[in-house]
Amino acid sequence: SGNQALLDTAVRLADKMLHAFQTSNGMPMKEVDVGTGDTSPGGGAEKLKLLAEVGTMQMEFRGMTHATGDPKYRSAVDRTTETLLNATRGRGLVPNHISSEGFDGSQISLGSGGDSYYEYLLKQWIQSGRTETHLKDAWKQAMREMMDKLVFRTKGGTLFVADLEHGSPKYKMDHLACFVAGMLMKGSRMLPVEEVDPEWEPTAAGLTDTCYQFYKRSPCGLSPEYYVFHMDRQPPDDMSIPSDAPQNLLRPEAAEAIFYM
(Lines give C-alpha, C1' and ligand atoms only; values in the text may rest on other atoms or scores of the structure.)
Protein backbone atom coordinates (compact mmCIF):
# COMPACT_ATOMS: atom_id res chain seq x y z
CA SER A 1 0.00 0.00 0.00
CA GLY A 2 2.97 2.31 0.47
CA ASN A 3 1.63 3.28 3.90
CA GLN A 4 4.72 3.88 6.03
CA ALA A 5 2.75 3.68 9.28
CA LEU A 6 1.73 0.12 8.47
CA LEU A 7 5.29 -0.86 7.61
CA ASP A 8 6.63 0.73 10.79
CA THR A 9 4.09 -1.22 12.84
CA ALA A 10 5.00 -4.45 11.05
CA VAL A 11 8.68 -3.84 11.78
CA ARG A 12 8.01 -3.29 15.49
CA LEU A 13 5.99 -6.50 15.67
CA ALA A 14 8.44 -8.58 13.65
CA ASP A 15 11.40 -7.34 15.68
CA LYS A 16 9.73 -8.53 18.88
CA MET A 17 8.83 -11.87 17.31
CA LEU A 18 12.44 -12.43 16.24
CA HIS A 19 13.28 -13.05 19.90
CA ALA A 20 11.47 -16.39 19.56
CA PHE A 21 14.03 -17.58 16.99
CA GLN A 22 17.03 -17.16 19.30
CA THR A 23 17.40 -20.89 19.88
CA SER A 24 20.20 -23.37 19.22
CA ASN A 25 18.68 -24.77 16.03
CA GLY A 26 16.46 -21.93 14.85
CA MET A 27 13.24 -23.62 15.90
CA PRO A 28 11.17 -20.81 17.44
CA MET A 29 9.77 -20.79 20.93
CA LYS A 30 6.03 -21.35 21.12
CA GLU A 31 5.17 -18.00 22.68
CA VAL A 32 6.60 -14.48 22.61
CA ASP A 33 5.37 -11.40 24.44
CA VAL A 34 5.24 -8.82 21.66
CA GLY A 35 5.38 -6.06 24.23
CA THR A 36 8.57 -7.13 25.96
CA GLY A 37 10.05 -9.70 23.61
CA ASP A 38 10.11 -12.30 26.40
CA THR A 39 9.72 -15.87 25.14
CA SER A 40 8.17 -19.00 26.61
CA PRO A 41 8.00 -22.67 25.60
CA GLY A 42 4.24 -22.49 26.12
CA GLY A 43 1.98 -25.12 27.58
CA GLY A 44 2.03 -28.86 27.04
CA ALA A 45 5.15 -30.85 26.32
CA GLU A 46 7.82 -28.17 26.36
CA LYS A 47 10.20 -30.00 24.02
CA LEU A 48 7.59 -30.64 21.33
CA LYS A 49 6.53 -28.12 18.72
CA LEU A 50 3.73 -28.39 16.20
CA LEU A 51 4.84 -28.79 12.60
CA ALA A 52 2.14 -26.39 11.41
CA GLU A 53 3.32 -23.73 13.85
CA VAL A 54 7.03 -23.76 13.06
CA GLY A 55 6.38 -24.21 9.34
CA THR A 56 3.93 -21.35 8.91
CA MET A 57 5.83 -18.12 9.40
CA GLN A 58 8.24 -18.27 6.50
CA MET A 59 6.29 -16.35 3.89
CA GLU A 60 5.48 -13.52 6.26
CA PHE A 61 9.06 -13.03 7.47
CA ARG A 62 10.43 -13.35 3.95
CA GLY A 63 7.88 -10.72 2.98
CA MET A 64 9.28 -8.48 5.70
CA THR A 65 12.75 -8.75 4.19
CA HIS A 66 11.30 -7.88 0.78
CA ALA A 67 9.50 -4.85 2.22
CA THR A 68 12.36 -3.54 4.36
CA GLY A 69 15.49 -4.78 2.62
CA ASP A 70 16.71 -6.16 5.95
CA PRO A 71 17.83 -9.81 5.59
CA LYS A 72 17.43 -10.66 9.29
CA TYR A 73 13.78 -11.65 8.96
CA ARG A 74 14.35 -14.09 6.12
CA SER A 75 17.50 -15.45 7.75
CA ALA A 76 15.57 -16.39 10.88
CA VAL A 77 12.88 -18.40 9.12
CA ASP A 78 15.23 -19.89 6.53
CA ARG A 79 17.18 -21.40 9.42
CA THR A 80 13.95 -22.91 10.73
CA THR A 81 13.13 -24.35 7.31
CA GLU A 82 16.62 -25.81 6.98
CA THR A 83 16.24 -27.54 10.34
CA LEU A 84 12.84 -28.94 9.34
CA LEU A 85 13.98 -30.23 5.96
CA ASN A 86 17.11 -31.81 7.44
CA ALA A 87 14.96 -33.56 10.02
CA THR A 88 12.74 -35.12 7.33
CA ARG A 89 15.69 -37.22 6.11
CA GLY A 90 14.17 -37.30 2.66
CA ARG A 91 10.64 -38.12 3.74
CA GLY A 92 7.74 -36.16 2.33
CA LEU A 93 5.16 -36.78 5.05
CA VAL A 94 6.38 -36.30 8.59
CA PRO A 95 4.82 -36.46 12.08
CA ASN A 96 2.94 -33.47 13.44
CA HIS A 97 5.41 -32.88 16.27
CA ILE A 98 9.11 -32.10 16.30
CA SER A 99 11.66 -31.67 19.07
CA SER A 100 15.32 -30.71 19.10
CA GLU A 101 16.09 -34.39 18.48
CA GLY A 102 13.88 -34.66 15.39
CA PHE A 103 10.31 -35.56 14.51
CA ASP A 104 8.34 -37.17 17.28
CA GLY A 105 5.11 -39.12 17.50
CA SER A 106 3.02 -41.31 15.26
CA GLN A 107 0.39 -38.93 13.87
CA ILE A 108 0.67 -37.56 10.34
CA SER A 109 -1.98 -35.18 9.06
CA LEU A 110 -2.68 -32.63 6.38
CA GLY A 111 -5.33 -31.35 8.77
CA SER A 112 -4.77 -30.03 12.28
CA GLY A 113 -1.14 -30.04 13.32
CA GLY A 114 0.51 -30.45 9.94
CA ASP A 115 -1.51 -28.63 7.30
CA SER A 116 0.23 -25.39 6.43
CA TYR A 117 3.79 -26.77 6.57
CA TYR A 118 3.01 -28.52 3.29
CA GLU A 119 1.19 -25.50 1.89
CA TYR A 120 4.13 -23.22 2.65
CA LEU A 121 6.67 -25.46 0.90
CA LEU A 122 4.90 -24.80 -2.39
CA LYS A 123 4.15 -21.15 -1.71
CA GLN A 124 7.70 -20.35 -0.58
CA TRP A 125 8.97 -21.78 -3.86
CA ILE A 126 6.54 -19.55 -5.75
CA GLN A 127 7.45 -16.57 -3.55
CA SER A 128 11.11 -17.10 -4.44
CA GLY A 129 10.31 -16.56 -8.11
CA ARG A 130 10.30 -20.35 -8.53
CA THR A 131 14.05 -20.50 -8.00
CA GLU A 132 14.47 -22.45 -4.73
CA THR A 133 14.01 -25.91 -6.14
CA HIS A 134 14.67 -27.70 -2.84
CA LEU A 135 11.32 -26.37 -1.58
CA LYS A 136 9.48 -27.53 -4.69
CA ASP A 137 11.16 -30.93 -4.50
CA ALA A 138 10.20 -31.34 -0.84
CA TRP A 139 6.60 -30.46 -1.70
CA LYS A 140 6.50 -32.90 -4.60
CA GLN A 141 7.80 -35.69 -2.38
CA ALA A 142 5.10 -34.90 0.19
CA MET A 143 2.42 -34.96 -2.50
CA ARG A 144 3.64 -38.30 -3.86
CA GLU A 145 3.38 -39.82 -0.41
CA MET A 146 0.04 -38.15 0.26
CA MET A 147 -1.46 -39.53 -2.94
CA ASP A 148 -0.13 -42.99 -2.11
CA LYS A 149 -0.94 -43.17 1.59
CA LEU A 150 -3.64 -40.65 2.52
CA VAL A 151 -6.08 -40.22 -0.36
CA PHE A 152 -9.04 -42.60 -0.13
CA ARG A 153 -12.45 -43.03 -1.70
CA THR A 154 -15.49 -44.58 -0.03
CA LYS A 155 -17.46 -47.30 -1.76
CA GLY A 156 -19.92 -44.57 -2.71
CA GLY A 157 -17.21 -42.53 -4.40
CA THR A 158 -16.56 -39.80 -1.82
CA LEU A 159 -12.89 -38.75 -1.94
CA PHE A 160 -11.06 -37.59 1.17
CA VAL A 161 -7.63 -37.09 2.76
CA ALA A 162 -7.16 -39.31 5.80
CA ASP A 163 -4.76 -39.06 8.73
CA LEU A 164 -2.12 -41.64 9.60
CA GLU A 165 -1.69 -42.95 13.13
CA HIS A 166 0.98 -45.54 13.88
CA GLY A 167 1.27 -46.12 10.14
CA SER A 168 -2.41 -46.95 9.64
CA PRO A 169 -5.04 -44.71 8.04
CA LYS A 170 -7.63 -43.02 10.20
CA TYR A 171 -10.69 -42.42 8.06
CA LYS A 172 -11.44 -38.83 8.97
CA MET A 173 -10.87 -35.49 7.27
CA ASP A 174 -10.56 -32.13 8.98
CA HIS A 175 -12.15 -29.06 7.46
CA LEU A 176 -8.61 -27.66 7.65
CA ALA A 177 -7.53 -30.25 5.06
CA CYS A 178 -9.83 -28.73 2.46
CA PHE A 179 -6.89 -26.48 1.59
CA VAL A 180 -5.32 -29.51 -0.13
CA ALA A 181 -7.62 -29.09 -3.13
CA GLY A 182 -6.51 -25.52 -3.69
CA MET A 183 -2.88 -26.45 -3.09
CA LEU A 184 -2.99 -29.19 -5.72
CA MET A 185 -4.57 -26.84 -8.24
CA LYS A 186 -1.95 -24.20 -7.49
CA GLY A 187 0.81 -26.74 -7.96
CA SER A 188 -0.67 -28.06 -11.18
CA ARG A 189 -0.66 -24.55 -12.65
CA MET A 190 2.70 -23.33 -11.31
CA LEU A 191 5.03 -26.31 -11.73
CA PRO A 192 6.62 -27.10 -15.10
CA VAL A 193 4.21 -29.18 -17.16
CA GLU A 194 6.52 -32.18 -17.19
CA GLU A 195 6.56 -32.25 -13.37
CA VAL A 196 2.80 -32.12 -12.84
CA ASP A 197 1.16 -35.34 -11.67
CA PRO A 198 -1.93 -35.84 -13.88
CA GLU A 199 -3.80 -37.07 -10.80
CA TRP A 200 -3.48 -33.75 -8.96
CA GLU A 201 -6.31 -31.95 -10.73
CA PRO A 202 -8.93 -34.75 -10.57
CA THR A 203 -8.01 -35.29 -6.94
CA ALA A 204 -8.47 -31.58 -6.28
CA ALA A 205 -11.87 -31.68 -7.98
CA GLY A 206 -12.98 -34.65 -5.88
CA LEU A 207 -11.80 -33.08 -2.65
CA THR A 208 -13.52 -29.80 -3.50
CA ASP A 209 -16.80 -31.65 -3.95
CA THR A 210 -16.28 -33.41 -0.62
CA CYS A 211 -15.65 -30.07 1.10
CA TYR A 212 -18.85 -28.75 -0.46
CA GLN A 213 -20.60 -31.82 0.96
CA PHE A 214 -19.19 -30.90 4.39
CA TYR A 215 -21.73 -28.08 4.33
CA LYS A 216 -24.51 -29.59 2.22
CA ARG A 217 -24.85 -32.71 4.37
CA SER A 218 -24.72 -30.84 7.66
CA PRO A 219 -28.18 -30.39 9.26
CA CYS A 220 -27.53 -26.69 9.86
CA GLY A 221 -25.69 -25.95 6.61
CA LEU A 222 -22.38 -25.29 8.37
CA SER A 223 -19.49 -27.73 8.30
CA PRO A 224 -18.32 -29.38 11.52
CA GLU A 225 -14.64 -29.36 12.45
CA TYR A 226 -14.21 -32.74 10.77
CA TYR A 227 -16.11 -35.69 9.33
CA VAL A 228 -15.64 -39.42 9.84
CA PHE A 229 -15.84 -41.57 6.69
CA HIS A 230 -17.39 -45.04 6.42
CA MET A 231 -15.63 -46.90 3.65
CA ASP A 232 -18.34 -49.48 2.86
CA ARG A 233 -21.33 -47.11 2.74
CA GLN A 234 -23.04 -45.11 0.01
CA PRO A 235 -23.75 -41.36 0.12
CA PRO A 236 -25.01 -39.66 2.17
CA ASP A 237 -24.26 -42.29 4.83
CA ASP A 238 -20.55 -42.55 4.02
CA MET A 239 -19.87 -39.37 6.03
CA SER A 240 -20.92 -38.65 9.59
CA ILE A 241 -20.40 -35.85 12.10
CA PRO A 242 -18.54 -37.03 15.22
CA SER A 243 -19.86 -36.18 18.66
CA ASP A 244 -16.65 -34.43 19.69
CA ALA A 245 -16.46 -31.91 16.84
CA PRO A 246 -19.87 -30.59 15.81
CA GLN A 247 -18.73 -26.96 16.01
CA ASN A 248 -18.04 -24.65 13.07
CA LEU A 249 -15.04 -22.34 13.57
CA LEU A 250 -15.59 -20.17 10.48
CA ARG A 251 -12.63 -21.72 8.68
CA PRO A 252 -11.88 -20.55 5.11
CA GLU A 253 -10.37 -23.68 3.56
CA ALA A 254 -13.47 -24.89 1.68
CA ALA A 255 -13.93 -21.44 0.16
CA GLU A 256 -10.27 -21.53 -0.88
CA ALA A 257 -10.74 -24.89 -2.60
CA ILE A 258 -13.81 -23.68 -4.47
CA PHE A 259 -12.01 -20.47 -5.48
CA TYR A 260 -9.10 -22.35 -7.04
CA MET A 261 -11.38 -24.83 -8.81
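E201 is partly exposed, with a relative accessible area of 33%. Its salt-bridge partner is R189, and the closest N and O atoms of the two are 3.0 Å apart. The model is predicted.

- R189 is exposed, at 51% relative accessible area.
- The cut-off for exposed is over 50%, so R189 falls in that class.

**Salt bridge network**
- R62, R74, D78 and E132 form one network, joined by salt bridges that share partners.

**Other salt bridges**
- The structure has 15 salt bridges.
- Side chains of opposite charge can pair when their charged atoms come close.
- K123 and E119 pair through their side chains, at 2.7 Å from N to O.
- Both residues lie in helix 5, 4 residues apart, so about one helical turn separates K123 from E119.
- E119 has 14% relative accessibility and therefore counts as buried, the cut-off being under 20%.
- D163 and K172 also form a salt bridge, with 3.1 Å between the closest N and O atoms.
- Both partners, D163 and K172, are buried.

**Helix 7 against helix 9**
- Two packed helices are described by the angle between their axes and the distance between the axes.
- Helix 7 (residues 179–190) packs on helix 9 (residues 253–260) at about 30°.
- Their axes are 7 Å apart.
- Angles under 35 degrees count as roughly parallel, so helix 7 and helix 9 are roughly parallel to each other.
- Their crossing is left-handed.
- Helix 7 makes the contact through F179, A181, G182, M185 and K186.
- Helix 9 contributes E253, E256, A257 and Y260.
- The residues of this contact comprise 5 nonpolar, 1 polar and 3 charged.

**Helix 4 against helix 5**
- Helix 4 (residues 72–88) and helix 5 (residues 115–127) pack at an angle of about 115°.
- The distance between their axes is 13 Å.
- Helix 4 crosses helix 5 in a left-handed sense.
- On the helix 4 side, the contact residues are T81, L84, L85 and T88.
- On the helix 5 side, they are Y117, L121 and Q124.
- This contact has 4 nonpolar residues, 3 polar and no charged.

Definitions and conventions
Residues are numbered from 1 along each chain as its sequence is written. This is a predicted model: local features need pLDDT of at least 70, side-chain atom pairs count only at pLDDT 80 or more; totals for chains, interfaces and linings use all residues. Side-chain values use heavy atoms; hydrogens and water are left out. Axes are lines fitted to C-alpha atoms, for helices over the stretch in contact, and angles run from 0 to 180 degrees between N-to-C directions. Helices (H or I, at least four residues) and strands (E, at least two) are DSSP runs, numbered from the N terminus. Angles under 35 degrees count as roughly parallel, over 145 as roughly antiparallel, 65 to 115 as roughly perpendicular and the rest as oblique. A crossing is left-handed if the near helix is turned anticlockwise from the far one by less than a right angle, and right-handed if clockwise. Contact means heavy atoms within 4.5 Å. Ala, Val, Leu, Ile, Met, Phe, Trp, Tyr, Cys and Pro count as nonpolar, Asp, Glu, Lys and Arg as charged, and the others, Gly among them, as polar. A salt bridge is a side-chain nitrogen of Lys or Arg within 4 Å of a carboxyl oxygen of Asp or Glu. Buried means under 20% relative accessible area, exposed over 50%, partly exposed in between (1.4 Å probe, protein chains only).
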